[in-house]
Amino acid sequence: MLLLPCPHCGPRDAAEFGYVGERVARPDPNAATPQHWRSYLYLRRNPAGWTDELWLHRAGCGRYLAISRNTVTGECRSTPGEAG
Amino acid sequence: MMRLEPQPGEVIDRGRPLTFTWNGRTYPAYAGDTIASALAAAGERVFSRSLKYHRPRGLLTADAHDPGCILQVGDEPNVPGAARRVSDGMAVAAQGAWPSLRFDVKALNRLAGPVLSTGFYYKTFIRPRRLWPLYERVLRRFSPGGRVPAAPPDGRYEHRYVHPDVLVTGGGPAGMAAALAAADLGARVLLIDDQPELGGHLRWGGPDDLAALTELRGAVAEAGNIEVLADSVVTGRYEGGLVAAVQRLHGSGSLTERLVKARPAQLIVAPGLIERPYVVAGNDLPGVMLSTAVRRLIKLYAVKPGDRAVVFTANDDGLAAAADLERAGVDVRRIVDAREGGGIIRVRGRGGVRAVECADGRVVRCDLFVTAVGWTAPTALVTMAGGRAAYQAGAARFVPAELPEGVLVTGGLAGDGTLDELVAHGRATGQDAALRATGASGGGAPISSLEPAAHPQLFAGRTDGVVDFAEDVSSKDLKAAVAEGYDSIELVKRYTTATMGATQGKLEAVNAIAVVAAATGRSIAETGTTTARPPYIPISLGALAGRNYQPVRRSPMHDWHVEHGAAPLVAGQWIRPDHYGDPAAEVRNVRQHVGIVDVTPLGKFELRGPDVPDLLELLYVNRWRKLAVGQVRYGAMCTDDGVVLDDGVSGRLGEQRYLLTATSSGATGIGEWIERWLQTEHPDWRVHMIPMTDAYASINVAGPRSRELMERLVSGIDMSNEAFPYMRVRLGTVAGVPDCVVWRIGFTGELSYELHVPSGHGLTVWQALLSTGADLGVRPFGVEAQRILRLEKGHLIVGQDTDGLTQGFSAGLDWAIKMDKDDFIGKPELAWQRVRDSHLMLVGLQPVDRRTVPPEGCQIVEDGGRIVGRVTSSRFSPTLERAIGLGFVAPHLSEPGTVVTVVLPDGGRVPAKITPQLAHVDPEGTRLRV
Amino acid sequence: MAGPGAVRFRRPSRSRARYSGLGLVRRGVTGSSWPPVWRHHELRDRYDVVVIGGGVHGLATAYYLAAQHGLTDVAVLERGYLGGGASGRNTAIIRSNYLTPEGVRFYDRSVRLYESLAADLNFNVMFSQRGHLTLAHSDSALRTMRWRAEVNKLQGVDSSVIGPSETAELIPLLDVSDEPRFPILGGLWHPPGGIVRHDAVVWGYARAADTAGVHVHQETEVVGIDVAGGKVRGVRTSRGPISTSGVVVCTAGWATTVCDLAGVPLPITTYPLQAAVTEPVRPFLDTVVVSGTLHVYVSQTDRGELVFGAAVDPFPSYSTRGTLEFTEGVAAHVLELMPALAKLRVLRQWAGLCDMTPDFSPIMGVTPVEGFYVDVGWGTYGFKAGPVAGEAMASLVATGKTPELIAPFDLARFTDGRLVGEKGAAAVGH
């Protein structure tokens with residue numbers, strides 16, 4: 001399986017991680033229209049190529065990590081400090 | 001007997017004779033013999049029947065890829081008999097032939113040959129439809145393969161992780177040289193070879209080859225940092241550079257196979273070359289063999305492969321094989337050299353080779369036809385790893401054209417050369433790999449070039465013969481497929497099943513491509529290859545699975561439950577006590593006296609910090625900011641689509657200390673959920689979360705006499721109703737165990753206390769409760785009684801009384817959802833749900849007939865059959881002595897008193913009445929507050 | 001006979017190419033070969049309808065357009081070879097025991113179409129209705145099965161919950177030892193379920209569509225979709241442009257990238273779904289066995305191979321390389337169920353791409369772009385639905401009206417908040 005770059009633990013087998021999803025900003029819950037909110041809930045870019053994702057290093061440091069990954073080639077880059 | 005005098009490089013140990021059985025008859029063998037070599041030595045020539053036409057099949061390649069020698073060995077099906085060594089007492093049998101290998105009734109298929117043309121089953125058995133199952137049964141009778149045993153077979157399997165810098169697969173001269181060179185530079189090397197001993201083709205070479213072999217083997221044995229895995233095959237290189245090999249173990253107890261996994265910095269692929277069969281009429285008769293097959297038989301196993309031979313060659317290896325045959329006493333009647341214009345029309349015979357018809361018209365009688373028409377470079381590992389193979393017409397083979405990062409090739413896969421050239425290339429490759437692996441530099445010494453040697457493109461003769469021996473697919477079948485419009489190699493492959501059998505294209509793919517290319521008028525390069533997929537060789541389920549580690553979680557009181565006759569309930573990873581014999585009695589005991597239940601799997605999380613109230617306000621749909629120290633509250637969580645995620649009670653233990661509980665099944669996920677919101681949305685909040693699920697043993701003490709019982713065991717807490725009322729939490733000592741959390745809640749609907757005890761003391765407290773409360777009638781109760789009690793009380797279970805689309809207002813959480821909070825997860829969707837007001841509603845249900853309990857999952861219908869709801873929970877209530885339930889109904893049916901129709905599994909329909917509230921017992925909640 | 005103007009149901013292959021046992025014998029004896037299953041055509045610069053994707057969905061859509069609606073000016077564009085995508089990579093399980101009434105109705109129609117497909121297409125697709133059995137290892141699984149069975153029965157689909165002993169009878173090698181880690185508490189038994197020869201379905205539809213006049217273009221990749229004034233105008237391909245007013249997207253794995261060309265965003269995430277096949281062994285397993293808890297399904301083909309499938313990969317990807325973790329996991333889970341198979345060997349593994357939607361249901365119907373239809377989001381259940389989806393999409397394209405059968409599966413449900421309840425079953429996993 002892929003090796004994912006954990007900024008805290010080093011490169012680790014993807015089996016240690018949980019995939020959370022594409023990084024999507026949560027709209028203002030008090031201002032969002034249904035269409036806007038449901039885009040946040042359901043629509044995804046799902047590109048064949050580089051994508052920004054959120055992963056959880058479940059069997060490691062327990063941190064949520066921002067990772068850029070190429071969904072075709074499997075290359076991965078950690079984008080430190082951006083999990084928030 | 002076909003056994004020869006001792007040969008210089010033979011691998012059999014004549015000092016260790018063995019016996020084994022073949023189709024019930026006992027045969028001799030020597031240690032080191034393969035099943036096939038021992039049988040061949042005894043004069044056997046037929047080992048199997050072909051898949052479709054049940055033609056007799058003998059040895060073709062005499063190695064692991066031999067398609068004619070797939071056998072049943074004891075309880076193991078589909079064993080490659082030309083690779084598996086004989087062990088004493090082994091029971092070997094032919095597969096698929098009936099009644100016997102010699103006389104196989106299914107060979108009658110041959111008569112129907114013209115009709116059973118490729119894809120015939122797509123064209124017939126179409127009408128009448130009802131007869132297809134019958135035809136299918138007949139077809140299945142002709143399916144190939146061995147038998148799986150009825151009981152789990154002998155054998156044990158395990159996984160091993162290794163950490164070499166350089167992994168070399170293939171222990172021929174180039175592979176050994178590569179390993180040695182890498183090791184010389186300090187790299188840790190793993191050298192993997194599929195044979196019992198290293199050497200590759202040197203093992204069946206001449207005296208010079210054997211001398212070089214001895215030297216190389218000695219050097220490998222002396223090298224400190226080379227580990228050799230013999231009898232092992234690399235099955236694939238996967239993403240992330242992961243390499244797996246399956247190692248067959250002999251004589252190590254019951255351990256059968258080991259899956260070895262590594263992520264080497266560099267992988268050197270050195271598998272050598274695979275000799276290709278020749279496609280011509282009669283090429284699958286027993287007695288047709290590859291040049292490497294006869295050389296293996298003679299040199300390694302001292303078996304004479306036949307008496308009179310014709311050799312058809314397009315290279316010098318064929319000539320070397322002819323020389324070996326002569327030395328072994330085989331009468332080589334004719335050598336037909338394609339380079340000199342020679343050719344073969346067909347091989348004649350029935351049940352075995354009788355004669356060979358040459359292109360010049362001569363017919364030569366013989367019992368052995370040996371071909372040496374070219375090589376296939378096994379590029380599969382390279383292409384699986386992301387590399388590319390390209391056809392080199394001059395060398396008549398596909399070669400690695402692009403290597404993926406971290407993969408190098410040497411030996412025959414890279415090119416051809418003398419022994420010295422192979423070794424030199426191996427050494428340079430090994431050095432390069434070691435330097436790359438240890439990061440010494442971008443690359444090592446320049447690698448001397450090893451070019452594939454020129455070779456005639458010789459794939460098929462003028463007559464049609466078998467292309468895929470495992471699948472019984474002929475060149476005629478391939479041409480017919482092309483003529484029918486299946487004109488790309490992938491379509492031909494799928495239509496004819498060529499390359500889809502046991503050999504997975506290793507022997508036959510290039511011949512198939514050549515035949516398809518000729519039939520379509522395209523070149524081989526244009527036709528291209530099919531995709532190689534892992535595993536490189538078939539790998540057992542046992543080896544893949546390894547030892548079975550399925551984690552199980554048990555509470556500290558688990559053994560007590562077992563000793564006291566608890567029926568186990570598998571709930572996710574937890575094994576829980578379902579009941580101790582009579583759940584209804586357990587329910588009554590709780591309602592009348594007091595019971596205790598082990599609720600350790602309950603998810604528990606300690607939250608600390610000044611911003612915990614902000615977190616709780618966000619997580620839960622209800623309000624938390626005013627929760628005072630010592631208070632507990634029920635809370636429900638939704639996801640951002642408004643769907644109910646989890647629920648539980650949480651309490652404030654101190655100024656900045658909270659304990660949050662989640663459902664048992666949701667525990668792990670809720671911990672991650674909380675962390676996610678903290679880490680990604682609100683990293684500024686000062687909150688620490690500590691998972692406590694396993695740190696506390698949890699016991700619920702429930703029943704009218706629970707306070708009396710608790711008072712006897714608790715110190716430091718005033719247990720009176722005034723001092724410790726409903727929905728409060730206290731910290732104190734229970735049964736002498738300090739630091740316990742005690743909260744007063746009521747999942748069961750009774751006066752009850754939930755204890756969270758440091759888990760090491762769980763059993764102590766459990767036993768103390770039972771012994772101290774014997775006179776109060778305390779009894780343990782299990783999960784089933786707890787479920788009945790909660791259903792009587794109308795408490796929902798998330799995931800049972802809700803599903804993946806159940807939003808908050810459907811779950812009867814109206815009272816809890818606070819839309820005036822600034823934010824909470826799921827708020828917008830819940831706002832819209834309330835406006836829409838068309839959702840299913842969770843209601844209490846009571847079947848009009850008090851004895852009829854509709855099983856959970858039964859549907860609620862109207863107008864004859866339209867589904868308008870379902871029963872989510874149902875039980876017979878021992879307290880009310882009637883059937884009770886919870887369920888979803890459409891909004892127009894949710895008014896209390898409405899009678900709805902429930903469909904039973906047998907189709908019967910029963911009326912059930914909607915109750916005023918979810919609770920069936922004590923809806924006012926007085927029993928909780930006493 | 002159909003009168004003028006009536007919808008003509010064209011039976012393909014009334015010609016000399018008709019497949020039959022007799023034909024096989026005749027050609028076997030005379031040695032004459034069969035005519036090609038489909039023909040090669042030049043790519044025209046316009047078609048009435050362009051179907052993107054030469055798998056079972058695309059070919060079925062084209063076939064029904066021609067055969068049931070008389071629309072024959074139809075092109076099917078396939079980037080590679082026919083059936084080379086998900087149609088050739090699935091585990092070919094057919095069933096209709098879904099959870100929601102709309103799902104059950106839809107898949108039941110598909111099962112019925114499959115039952116008559118060999119005769120309709122004059123191509124034996126080898127639909128083997130050997131029964132489909134889902135194992136319950138927990139009481140919550142059993143509860144969801146009861147729910148499914150009850151919904152199924154109300155829709156007229158044969159489906160019932162059976163006990164452990166009946167389950168053991170159906171699966172001879174099942175581990176019924178005293179305390180297996182995953183006890184068998186029962187199962188959901190669905191007799192009409194089974195397996196089919198997936199390639200044959202693709203080839204059968206392609207042959208019948210070709211006979212009916214459809215142009216099937218292999219090696220033809222769509223590189224652009226022209227939209228103007230809110231309407232689809234044409235498709236650009238690797239072999240040249242096509243003008244058209246009707247485009248149907250029938251791709252699996254690449255729905256997002258294709259629909260992006262038309263500016264239609266989708267609620268889809270693409271995951272690999274892996275499968276593996278073993279060496280053949282003598283027949284011992286007559287049913288399709290599924291364990292949701294262990295994430296594994298097993299069937300034995302008529303050739304004796306065991307076919308294994310599992311859940312989609314743990315993270316999205318467009319890679320079809322296949323992982324070792326998959327075969328390790330599937331092996332461990334199969335041996336949990338049937339420990340006697342330890343010495344059976346995996347021969348080959350592969351992966352296909354699955355377009356997963358948030359509610360585990362497909363997306364069929366119109367889009368905000370007029371004339372641009374989608375038949376996508378098929379997750380792990382696309383092959384089962386090929387015939388019915390083709391029939392319904394053809395009806396939509398030909399008549400402009402969305403058939404009731406597929407109305408619940410429209411794209412707009414995600415903006416309107418009307419998700420399909422199949423998610424219910426998926427979420428009641430614990």
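**Entry 1: strands of chain C**

I began with Thr237(C) and looked for the residue across from it; Thr237(C) stands opposite Gly240(C), which lies in β11(C). I note at once that this is a predicted model.

I then asked how β10(C) and β11(C) are arranged. Strand β11 of chain C covers residues 240–243, and β10(C) pairs with it in the antiparallel sense over four bridges. I looked up the link between β10(C) and β11(C) and found a hairpin through two residues.

Next I turned to the other pairing of β10(C), which spans residues 231–237 in chain C. Strand β9 of chain C, residues 222–228, runs antiparallel to β10(C), and six bridges join the two. As an example of a bridge, I recorded that Ile225(C) has Val235(C) in β10(C) as its partner.

What lies between β9(C) and β10(C)? I found that these strands also form a hairpin, with two residues between them. In that turn I checked Gly229(C), whose phi is positive, at about 60°.

**Entry 2: where chain C meets chain A**

I counted the residues on each side of the contact. Chain C contributes 19 residues, and these are in contact with 15 residues of chain A. I then asked which elements of chain C supply at least two residues each to this side. They are α8 (255–261), β13 (269–278) and α11 (413–416) of chain C. I also sorted the residues on the side of chain C that touches chain A: nine are nonpolar, nine are polar and one is charged.

**Entry 3: chain A as a whole**

I listed the secondary structure of chain A and found one helix and six strands. Read from the N terminus, the order of the elements is β-β-β-α-β-β-β.

For the dimensions, I noted that the C-alpha atoms of chain A fill a box of roughly 40 × 25 × 20 Å along the principal axes. Chain A has 84 residues, of which 27% are buried. I also examined contacts in chain A between residues at least 6 apart in sequence; of these, 50% join residues at least 24 apart.

**Entry 4: confidence in chain A**

I finished with the confidence values. The mean pLDDT of chain A is 92, and 94% of its residues reach 70 or more. Where in chain A is confidence lowest, and where is it highest? The lowest mean, 88, belongs to strand β6 (residues 76–78) of chain A, while the highest, 97, belongs to strand β3 (residues 18–22) of chain A.

Terms used: Residues numbered from 1 in each chain as written. Chains lettered and ligands numbered in written order. Predicted model: local features only at pLDDT ≥ 70, side-chain atom pairs only at ≥ 80, totals over all residues. Contact = placed C-beta atoms within 7 Å. Nonpolar A, V, L, I, M, F, W, Y, C, P; charged D, E, K, R; others polar. Pairing = 2+ DSSP bridges. pLDDT = per-residue confidence, 0-100. Buried ≥ 20, exposed ≤ 12 C-beta atoms within 10 Å, placed from the backbone.
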